[in-house]
Amino acid sequence: MLEPMKINMWKLLIAGLFASAALAGCEDNRNNFMVDDTLSFVNEEQYAGVSVYTEEYELPVVKNGKGLSEATAHIEVSETALRDYNTANGTDYTLLPSNCYEFTPSLHFGEKDIRKFVGLKWDSETVNALDPDITYVIPFELSGNGVPVAEGRNRIFLRLESATASMTLTSNALAGSEYVFDGEITLN
């Protein structure tokens, strides 16, 4: 009766050794080929128009990557970024006066947070009272604390756009007591 018990103990011991060797040989490869966390603006284009009449906008900022780091995103208005953009693109945009808007200057991301929004608010009457022949923008620049900012995704230029109507008159004929318009009307 002792003999079968001895064999069972050996079987259990060998099975336990195999199980511990198998577990020790396992590696956690879940993060292989994953990139480290970075912060960025969502828009691939650096220039975006927003209707002035909404009087608020949520500018998305994302944290991409493994999701293993906390971070703080700092957002500032950058005259240097605007100057660089104007030079690189042959534009003549002007910084929207700071009394026309307000925004959230920083966002905190937890390890698992993916997207947060910069709250931007303005008064449409104040913006619309500005010179309509000047193209005003808000040049936002993103920097990070805790994780780096993705290259080329750290700037965005927002323009608060007013709706305009224009007409191209191709012919105008008098029909009785009414004017007949035959042309094109464009609304943005």
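**Reading charges and rings in a predicted model**

Modeller: Asp84, Glu141 and Arg155 are linked in a network of salt bridges. Keep in mind that this is a predicted model.

Colleague: How many salt bridges are there by this rule?

Modeller: The count is five. A salt bridge here needs a side-chain nitrogen of Lys or Arg within 4 Å of a carboxyl oxygen of Asp or Glu. Arginine 155 and aspartate 84 meet that rule, with their closest N and O atoms 3.5 Å apart.

Colleague: Which parts does that pair tie together?

Modeller: Arginine 155 sits in strand 10 (residues 155-161) and aspartate 84 in helix 2 (residues 79-89), so the pair ties together parts 71 residues apart in sequence.

Colleague: Is arginine 155 buried or exposed?

Modeller: Buried means under 20% relative accessible area. Arginine 155 has 18% relative accessibility, so it counts as buried. Aspartate 84 has 38%, so it counts as partly exposed.

Colleague: Where do aspartate 37 and lysine 63 lie?

Modeller: Their side chains meet in a salt bridge (3.7 Å, N to O). Aspartate 37 is in the loop between helix 1 (2-24) and strand 1 (38-41), while lysine 63 is in strand 3, 26 residues apart. Aspartate 37 counts as buried because its relative accessibility is 4%. Lysine 63 is also at 4%, so it counts as buried.

Colleague: And lysine 116 with aspartate 113, what distance is given, N to O?

Modeller: That salt bridge is 3.7 Å, N to O. Lysine 116 is partly exposed, at 27% relative accessibility. Aspartate 113 is partly exposed too, with a relative accessible area of 30%.

Colleague: Now the rings. How many aromatic pairs are there by this rule?

Modeller: Five. One is tyrosine 85 with tyrosine 93, which is stacked: 6.0 Å centre to centre and 20° between the planes. For stacked, the planes must be under 30 degrees apart. Both tyrosine 85 and tyrosine 93 are buried. Another pair, phenylalanine 103 and phenylalanine 140, is edge-to-face, at 5.1 Å centre to centre and 75° between the planes. Phenylalanine 103 is in strand 6 (residues 101-103) and phenylalanine 140 in strand 9 (residues 136-145), so this pair ties together parts 37 residues apart in sequence.

Colleague: Which residues form one aromatic cluster?

Modeller: Tyr47, Tyr85, Tyr93 and Phe157.

Colleague: Last, the surface. Which residues form a negative surface patch?

Modeller: Glu55, Glu56, Glu58, Asp123 and Glu125. Take glutamate 58, placed in strand 3 (residues 56-64). Glutamate 58 counts as exposed because its relative accessibility is 52%.

Note on methods. Residues numbered from 1 in each chain as written. Predicted model: local features only at pLDDT ≥ 70, side-chain atom pairs only at ≥ 80, totals over all residues. Heavy atoms only, no water. Patch = residues over 30% accessible without salt bridge, like charges linked within 9 Å, V, L, I, M, F, W, Y side chains within 5 Å. Areas by Shrake-Rupley, 256 points an atom, 1.4 Å probe, with all protein chains shown as cover. Lys, Arg positive; Asp, Glu negative; His and termini not counted. Charge placed at Lys NZ, Arg CZ, Asp CG, Glu CD. Helix = DSSP H or I, 4+ residues; strand = E, 2+ residues; numbered from the N terminus. Buried < 20%, exposed > 50% of the residue type's maximum accessible area, 1.4 Å probe, protein only. Phe/Tyr/Trp six-rings, centres within 6.5 Å; stacked < 30°, edge-to-face > 60°.
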